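User: I have a protein model to go through for class. Can you take me through it in plain words?

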Amino acid sequence: MREHVFDVVVIGSGPGGYVAAIRASQLGLKTALLEKGELGGTCLNVGCIPSKALLHSTEMLHFAEKKAANHGIQFSGISMDLSQTMKRKDTVVETLRKGVRALVTKKGGSIFEGLGIIQNPDTIVVKKGEEETILTAKNIIVATGSTPIELSFLPYDGKTVVSSDQAIAFDSVPAELAVIGASAIGLELSSVWARLGSKVTVIEYLPKIAPSFDDDICKLSERVFKRQGLIFHTGTKVTGAESKRDKLVLTAEKNGKDVRIEADIVLVAVGRKPNTKNTGLESVGVKLDDKGRIQIDQHFKTNIPGIYAIGDVVAGPMLAHKAEEEGVAVAEIIAGKAGHVNYEVIPNVIYTDPEIASVGISEQEAKEQGIEVVTGKFNLSANGRAIASDVTEGLVKVIADAKTDKLLGVQILAHNASELIAASVTHMEYGGSAEDLARTIHAHPSLSESIKEAALDVDGRGIHSL
Ligand code: NAI
């Protein structure tokens, strides 16, 4: 058994963990990063990255099949070689995995492969097969991530009842796919398989799709995605499932009525739960909150001195960029600096086409919080660049405080909304107002002008809206 001494040991190499390891190394701390699976965690291996590779490939197919002719581009005999699509996706993942290894090691961090188990608040055992390595460190950062939630009546079998882990790697296109949950995972993977030819039915418990976004964005998104062929049952609770010949039949309840949905494969996308088991957290007495997440204070400290936690395993949105920012902040705090995360200004994106993106609060959330707001809107169909590029489906909505004009939220449904939202994030980070946004010069022609126009509309001065 070998023993190593570190200043910081990070358990889990997802976006939270590997970024924490890099920042800690940059700050001169001797750092180890532990990973029991593949470097990069859920996001890189079975989440954000592979899904974006598939979304991009299938968007190009969609363009070739449905849009190209309008531009005078003629394709004949279009077909999709799914094995090549998957191979490309795997290459993308492998490239980035190598990138994580290079970044961590070149910045001075050490990588240990194996299951990290906390034995004492300053001792971790790394198990790999029969081999055990002991690491000691004054500081341990738990960044063990999350796993898909399972429905009790619909256990995962990896073939007909699947989570996103498998739905990014089918070897053939399912004829009928049922998707439970119309949030990020549900909508992104529905788009992929619908573009490849599946009949996709999405069932959502809440009355709207993409429920965390503003009502206006949700309504328009539903209309747009229906036109793309997705079938939605909102306000519908899946209550059971049975096998019928070679199909699965889901039973659900919608407005007091029974609904039955037949499918070859069911993707369950009803959220994720924190990974707190098998890491020795219980044995050292780390406290969890009422939702099973590791309880931390404002400095990411657990109740056990020297043990910190970040990312999906603690409270807050389960987003890669939130985990990354926490990774930077916790490393800085350990190094004696003032690490900080601004939780009010975290962008949220669903990578459909058009994409849905937001920062801050929706109009409904403002009302729930008792904040009086003013709003402005702009429809992409009136934007010159959108018309020239054939991407006119979409809407921008700006939400500002009625008294101070402070920008409280921006919601976008648009092609490339993931990129467009960045400027609004910056405005909000600096405490900008709707007026600041309205007076900022945006390049013409560009989709970003829609955001300026929505800000102008806050007090009815839109130039390009009717
Ligand atoms: P989610 O928690 O965002 O949404 C789950 C949805 O399932 C909710 O709308 C909920 O109302 C619905 N639901 C729950 N039980 C149901 C039932 N029995 N019948 C019908 N509907 C039901 O979960 P999701 O999409 O699985 O994502 C998990 C996490 O991963 C989220 O925190 C998400 O933000 C993150 N993620 C982020 C991505 C991105 O940033 N683009 C991509 C993928 C995941």
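Analyst: One term comes up throughout: a residue is buried under 20% relative accessible area, exposed over 50%, and partly exposed in between, using a 1.4 Å probe and protein chains only. By that rule E363 is buried, with a relative accessible area of 18%. This is a predicted model, where local features need pLDDT of at least 70, side-chain atom pairs count only at pLDDT 80 or more, and totals for chains, interfaces and linings use all residues. Residues are numbered from 1 along each chain as its sequence is written, and side-chain values use heavy atoms, with hydrogens and water left out.

User: OK, what does E363 pair with in a salt bridge?

Analyst: The partner is K367, with N and O 3.4 Å apart. A salt bridge here is a side-chain nitrogen of Lys or Arg within 4 Å of a carboxyl oxygen of Asp or Glu. Side chains of opposite charge can pair when their charged atoms come close.

User: And where do K367 and E363 sit?

Analyst: They are in helix 10 (residues 363-368), and because they are four residues apart there, about one helical turn separates them. Helices are DSSP runs of H or I with at least four residues, strands are runs of E with at least two, and both are numbered from the N terminus.

User: Is K367 buried or exposed?

Analyst: K367 is exposed, at 58% relative accessibility, while E363 is buried at 18%.

User: Which residues are in the network of salt bridges?

Analyst: D214, D216, E363, K367, K377 and K397 are linked in it. D216 and K397 meet in a salt bridge with 2.6 Å from N to O. That pair links distant parts of the chain, since D216 is in helix 7 (residues 215-227) and K397 is in strand 21 (residues 395-401), 181 residues apart. K397 is buried, at 0% relative accessible area.

User: How many salt bridges does the structure hold?

Analyst: The structure holds 26. One of them is between K247 and E176, whose closest N and O atoms are 2.9 Å apart. K247 belongs to strand 13 (residues 247-254) and E176 to strand 9 (residues 176-180), so this pair ties together parts that are 71 residues apart in sequence. K247 is partly exposed at 21%, whereas E176 is buried at 16%.

User: Switching to cysteines. How many disulfides does a search of the whole structure find?

Analyst: It finds one. The disulfide joins C43 to C48, with 2.4 Å from S to S; the cut-off is a pair of cysteine sulfur atoms within 2.5 Å. A disulfide is a covalent bond between the sulfur atoms of two cysteines.

User: What is the handedness of the link between C43 and C48?

Analyst: The link is left-handed, with -135 degrees about the S-S bond. C43 counts as buried, at 15% relative accessibility, and C48 is partly exposed, at 30%.

User: What about C218, buried or exposed?

Analyst: C218 is buried, with a relative accessible area of 2%.

User: Now the surface. Which residues make the nonpolar patch?

Analyst: F63, I73, F75 and I78 make a nonpolar surface patch of about 320 Å². Patches consist of residues with over 30% relative accessible area and no salt bridge, with like charges joined within 9 Å and nonpolar side chains (Val, Leu, Ile, Met, Phe, Trp, Tyr) within 5 Å. Accessible areas come from the Shrake-Rupley method with a 1.4 Å probe, and for residues only the protein chains shown count as cover. F75 is partly exposed at 47% and lies in the loop between helix 3 (48-67) and helix 4 (82-106).

User: Now the inside. Where is I141, and what is it in contact with?

Analyst: I141 is in strand 6 (residues 131-142) and is buried at 0% relative accessibility. Leaving aside neighbours within four places in sequence, I141 is in contact (heavy atoms within 4.5 Å) with residues including V8, I11, Y308 and I334.

User: How far is I141 from L466?

Analyst: Their C-alpha atoms are separated by 54 Å, and the two residues are 325 apart along the chain.

User: Last one: S450, buried or exposed?

Analyst: S450 counts as buried, at 0% relative accessibility. S450 lies in helix 14 (residues 449-457) and, beyond its neighbours within four places in sequence, is in contact with F378, L380, N383 and V396.
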